[in-house]
Amino acid sequence: MKHKEYRRVVTGHDGNGVAIIESDEIASQMLERPNRPGVRLTNFWLTDKTPAEYDGPTETCTGDFILHPPKHGTVFRCVEFLPEDPEVMAKLSSEDGAAAFAEMGAGANIVQGGRHPWMHRTDSVDYGIVMNGEIWMVMDEEKDDVLLKAGDVVVQRGTNHAWANRGTEPCTIMFVLVDGVAEEGKGKGIPAR
């Protein structure tokens with residue numbers, strides 16, 4: 001099975017304020033790792049402040065590929081999950097997950113002893129849309145796991161979770177991650193940053 005390439009069109013303005021296409025090319029900031037087999041992340045756009053600057057640089061996806069959005073910013077990305085190999089998964093631990101996430105600047109985001117090797121948590125509000133296939137969103141307790149299918153949406157609010165494609169077809173999820181915080185006293189046991 002092969003991962004998809006994504007055409008990314010970026011608009012802007014010319015010197016007279018006329019709306020133009022500034023960029024029309026294949027998104028090039030991608031991450032695939034041997035220690036997270038079958039998964040490719042593709043970044044489309046990053047912002048680093050709120051309100052976001054809409055007439056700034058044409059390319060924002062430069063530098064290291066980081067899991068979480070920039071402070072006070074957002075990241076728009078796609079994650080493709082090929083079906084997991086149960087034999088490979090049985091041999092993995094949260095230490096393997098920590099190594100994989102460290103490559104994205106997020107080694108500390110892994111949940112040690114979680115139910116899935118890539119169980120993690122980010123300080124963000126994430127909007128996800130399942131584009132194709134199906135995937136399990138694994139939560140702290142099995143009773144809360146949910147199977148998401150094409151067309152389903154999820155709002156992930158700073159919770160421990162992992163993604164597990166236990167099916168036979170690839171699954172693609174489009175995400176927008178928004179930097180977030182848990183307000184003191186309102187985080188339901190989650191410490192504020």
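**Rings, charges and a loop: a short tour**

Let's start with a charge on a ring. The charged end of Arg 36 sits over the ring of Trp 118, at 3.9 Å from the ring centre. Keep in mind that this is a predicted model.

There is another case of this kind. Lys 4 lies over the face of Tyr 6, and here the distance to the ring centre is 5.2 Å.

Tyr 6 takes us to the aromatics. Ring pairs join Tyr 6 with Phe 44 and Phe 76 in a cluster. Across the structure, the count is 4 aromatic pairs. One of them is Phe 44 with Phe 76: a tilted pair, 5.0 Å centre to centre, with 55° between the planes. What does that pair tie together? Phe 44 is in strand 4 and Phe 76 is in strand 5, so the contact links parts that are 32 residues apart in sequence. Phe 76 is partly exposed, at 37%.

Now the loop between strand 4, residues 36–47, and strand 5, residues 74–81. Two backbone features here deserve a look. Most residues other than glycine have a negative phi, and most peptide bonds are trans. In this loop, Pro 51 is joined to Thr 50 by a cis peptide bond, with omega about 0°. His 72 is in the loop between strand 4 and strand 5 as well. His 72 is not a glycine, yet its phi is positive, about 65°.

On to salt bridges. How many does a search of the whole structure find? The search gives 8 salt bridges. Among them is Lys 49 with Glu 53, whose closest N and O atoms are 3.8 Å apart. Lys 49 is partly exposed at 40% relative accessibility, and Glu 53 is partly exposed at 47%.

Another joins Asp 123 and Arg 121, at 2.9 Å from N to O. Asp 123 is partly exposed, at 25%.

Then there is Asp 144 with Lys 143, at 3.5 Å from N to O. Through shared partners, salt bridges join Glu 141, Lys 143 and Asp 144 into one network. Lys 143 is exposed at 65% relative accessibility, whereas Asp 144 is partly exposed at 40%.

Last stop, strand 9, residues 153–157. Its covered face holds Val 154 and Gln 156. The uncovered face has Val 153, Val 155 and Arg 157. Opposite Val 153 of strand 9 stands Ile 129.

Methods: Residues are numbered from 1 along each chain as its sequence is written. This is a predicted model: local features need pLDDT of at least 70, side-chain atom pairs count only at pLDDT 80 or more; totals for chains, interfaces and linings use all residues. Side-chain values use heavy atoms; hydrogens and water are left out. Buried means under 20% relative accessible area, exposed over 50%, partly exposed in between (1.4 Å probe, protein chains only). Helices (H or I, at least four residues) and strands (E, at least two) are DSSP runs, numbered from the N terminus. Two strands pair if DSSP finds at least two bridges between them. Rings of Phe, Tyr and Trp (its six-membered ring) pair if their centres lie within 6.5 Å; planes under 30 degrees apart count as stacked, over 60 as edge-to-face and the rest as tilted. A charge sits over a ring if NZ of Lys or CZ of Arg is within 6 Å of the ring centre and within 35 degrees of the ring normal. A salt bridge is a side-chain nitrogen of Lys or Arg within 4 Å of a carboxyl oxygen of Asp or Glu.
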